[in-house]
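Colleague: I'd like to learn how to read a few features off a model, piece by piece. Can we just walk through it together?

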Amino acid sequence: MPGKQKYADVILPLAISGYYTYKIPPHLHDAVQVGQRVSVALGKRRYYTAIIRKLHNNPPAEYEIREIISVNDPFALVTENQMLFWEWLADYYMCTTGEVYRAAIPTGLKPESETRVALTENVEVEGLSEAEIKFLDQVKDAPGITIKAIAAALDKKDVMPQANKLIEKKLITLFEDIRISYKEKLKDYIVLTEELNSEEKILTVLDKLEKRAPKQYKLLNEFLHLAGQESISFSAEVSKEKLLSVSGTSHAILNALIKKNIFQIKQKEVSRLRSDFSDLSKPKELNERQRSAFQKINDEFSKKDVVLLHGVTSSGKTEIYIHLIAEQIKKGRQVLYLLPEIALTAQIINRLQKVFGEKVGIYHSKFSDAERVEVYQNLAGIKKQGSPSYQVILGVRSSVFLPFKDLGLIIVDEEHENTYKQFDPAPRYNARDASVVLAKMHNAKVLMGTATPSFETYMNAKTGKYGLVELFDRYLDIQLPAVEVIDVRQERRKKRMRTFFSPQLIESIEETLNNNEQIILFQNRRGYAPYIECDACGWIPFCKHCDVSLTYHKKSNRLTCHYCGYSIQNPASCPSCKSSNIQTRGFGTEKIEDEIKLMFPEAKVARMDLDTTRSRRSYQKIIEDFENQKVNILIGTQMVSKGLDFDHVRVVGILNADNMLNFPDFRSYERSFQLIAQVSGRAGRKNERGKVIIQTGDQENVVIKHVIDNDYSGFFNHQLGDRKTYKYPPFYRLVKLTIRHKNLGTMSKAANQLAAELKRSLGNRVIGPEFPLINRVFNYHQKCILVKTERDMHFSERRKAVKTAMDNILKSDDYKSLQVIPDVDPYN
């Protein structure tokens, strides 16, 4: 395109449809390429990092064109495959490409500007409102403060009205400041100064130091040894940290040599990523059944792109994965190993790094943004000093966004887990399903592994869309755990229950502790109690922003909303009737921990739930302590069910199966089977048969019966009839629309109008609008519309009809501030 004006269509990290076109300044014509990061302005004063999607010569007619401000990199940071993947996600999950971009790229690689405030020289402050004076006080106290910080300090959502009035009065000005969160890691290296450029000069210095400063002599000698070994290297660099450690000298000695102009410090950018692996081992030899499954997987891969490995818990699926990874590494290809939970990476990474060393990288949200940036750059081919070359990435759902160059295999472990689904914000994608599309773009294969497949995946395998390999024997032929079902209603009638524990469970815990073995107790509810209630008047504290009771947390002695985070101090007396007789109702993991410590004071107890695993290291610490038998009893939510492997767990107790079985959702039985079977599978994985005790008030429940028989196939077939009759997956696809507004009347009117328009085009496929279980969250009232559509080639057209109806209602002046949130293939 020589001589012509160039334009670039760019992706902005915003929820806006389509691409924005910018003019490329002449001096940047030869510097730009598709996939590059560029800085652009949008609106009056905002700056963003955009990605170039397309280069062309066609100026848009609809709006005035701005120029690209700068090119951020000399190379493309985003590949063509990545952008095609983003566009597929945006189309299928009914969001914008900008929202996908925002989720896909680490924050440190997409700096944005922040609006900051400065005072003018005008000091006339008469006639100001109280709100304007408070605004000005914030600027006086912190010149250059951001608008966001002023809003937070004044506890207001929007302070722009005050800002605009103060601008009109010429008391403040606004300016934009680019916020860059990623900073390179710099390391100090010691080098010789330029004056010491000959062996003769160095020997002279050594002679002087040996007589006058023996410690300095020792440090210089150690440097020369590390730098040159046999001969002196004048330009050599030695890490400051290594030099001080090896020589055993202090910083003061080093500083003395710097002052004497013998040493100088040089800073170099280095990698944050670990690369110091030694004593690597070969993959363990597979047993006969594992070898057979391994061969069958490869046979299926010759015919199908996706294979389901349906293997019971502790059947040795991970070892099969390791052998498949080794095959891809030999071919020079990359592997993405997806896990549903960050907690699992702590165990699996150790097994992978023992075999593959620095070829394995980790990517998840508990890493700092700087570390995520470096993993991303590593795969994009931008290497720092000392950084490894990754061929295997172990990560959670966001890992599908990494810039793979030659992906050969994606492993989706525990594929049934709902944590592969992103719930908020957009894109609301399912990493399991998205991985199939990603693999196709790279001509790669997908292996899904689980003991309890999702109904959709199992149906695809049984109907021949996916390959199917089964592994129904545990490693070393250890039996599946014995399952004992306790009728808690009967135990309560006989007054044999001790708080939440049946006598059978207490006896099993005692016996296991006496044998120096371990116990896992499962309760899928965190906190101390779901709610508190006044015994005198029945008062129950509710969240002021959401229609939900507050959960009691004993450790902090606070009542907390698990939806919006609103929290209050636990009241000493009832605010309604002043009675001090306030009782907790129900129980969560925190209460179980308290009770267990009272019943078994000698036992070492740990709890694993969202409250105890907020930091990056906390997951690993709990798992390592339990692995090393520093903990006897582990209490947890569904985190403990997700593929963790412990050698000494003999008993698993499921304290309340009913709260899962009775949840009002079409997937409740499927999820209950998966959770109970998976947490049961943590028992007896090595040496001896384990035991599972399920406490329930419904012994005859079909889920319980199939779990006892370990009959997944029978359970699947039993449930299919209802799924087909009532038009649910795996026979139908679902699209859920959540309509939200702060005004109840406006929300209901919009929901009814949207449903009416959808019914005109989609007929009886549309259900609702209906209030969900929690009909107000964050002060937004909400209703849901469910679209049930056939699994056929017309699904794309029906999705477009839904999108058109959404767009029409959002354009209406009657519904300002209305939110319509689409969720394709929802999990609830």
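Modeller: Let's begin with Lys260, which sits in the loop between helix 9 (251-259) and strand 10 (263-270). Helices (H or I, at least four residues) and strands (E, at least two) are DSSP runs, numbered from the N terminus. Mind that this is a predicted model: local features need pLDDT of at least 70, side-chain atom pairs count only at pLDDT 80 or more, and totals for chains, interfaces and linings use all residues. Residues are numbered from 1 along each chain as its sequence is written, and side-chain values use heavy atoms, with hydrogens and water left out.

Colleague: Is Lys260 buried or exposed, or partly exposed?

Modeller: Buried means under 20% relative accessible area, exposed over 50%, and partly exposed in between (1.4 Å probe, protein chains only). Lys260 has a relative accessible area of 45%, so it is partly exposed.

Colleague: Now a strand. What covers strand 13, and which strand does it pair with?

Modeller: Two strands pair if DSSP finds at least two bridges between them. Strand 13 (residues 360-363) runs parallel to strand 14 (residues 392-395), and 4 bridges join them. Val360 has Val392 as its bridge partner in strand 14. Both faces of strand 13 are covered: Val360 and Ile362 are buried on one side, Gly361 and Tyr363 on the other.

Colleague: Where are the cis peptide bonds?

Modeller: One joins Ala426 and Pro427, with omega about 5°; Pro427 is in the loop between strand 15 (407-413) and helix 14 (431-441). Another runs from Pro729 to Pro730, where omega is near 15°. Pro730 belongs to the loop between helix 23 (712-725) and strand 29 (732-741).

Colleague: And what is phi at Ser314 and at Asn443?

Modeller: Ser314 has phi near 65°, positive although the residue is not glycine. Ser314 lies between strand 11 (306-311) and helix 11 (317-330), in the loop, and counts as buried because its relative accessibility is 9%. Asn443 has phi near 55°, again positive in a residue other than glycine. Its loop links helix 14 and strand 16 (445-450), and at 66% relative accessibility Asn443 counts as exposed.
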